[in-house]
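Open your viewer and get ready to select side chains.

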Amino acid sequence: MKCAARSKSGRQRARQPDDGLLGGRALQLPEEATLDIRRRLRRIAGQVAGVERMLAEGRDCREVMEQLAAATRALEHAGFRLVAAGLA
């Protein structure tokens, strides 16, 4: 079943891949916010790579879970920053 969005006339149209949450409109963010979010995402990518190394090394499950939880929280904060910047 395809997702559909209603056009202005009320008829359904197939959802385009770029529709996303904004209905195809690009999110306009201040450059400062964009740089901050991208920096956060690079840091998170490093955390996730570290978790992968920990698993490959057979590290203790508790240590791995602590790092996964930290990466999850960091990703949530990046999302909050994105929303806050988009609302400003």
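How many salt bridges does the count come to? Five, by the rule that a side-chain nitrogen of Lys or Arg lies within 4 Å of a carboxyl oxygen of Asp or Glu. Before you click: this is a predicted model, where local features need pLDDT of at least 70, side-chain atom pairs count only at pLDDT 80 or more, and totals for chains, interfaces and linings use all residues. Residues are numbered from 1 along each chain as its sequence is written, and side-chain values use heavy atoms, with hydrogens and water left out.

**First stop: D36 and R39.** Select both. They form a salt bridge, with the closest N and O atoms 4.0 Å apart. Both sit in helix α1 (residues 31-57), three residues apart, about one turn of the helix. Helices here are DSSP runs (H or I, at least four residues), numbered from the N terminus.

Is D36 buried or exposed? D36 is buried, at 15% relative accessible area. Buried means under 20%, exposed over 50%, and partly exposed in between (1.4 Å probe, protein chains only). R39 is partly exposed, at 41%.

R81 is partly exposed, at 24%.

**Then: R59 and E57.** Here the closest N and O atoms of the salt bridge are 3.5 Å apart. R59 is partly exposed, at 40%, and E57 is exposed, at 53%.

**Last selection.** Pick D36, R39, R40 and R81 together. Salt bridges that share partners join these four into one network.

Technical notes:
Helices (H or I, at least four residues) and strands (E, at least two) are DSSP runs, numbered from the N terminus.
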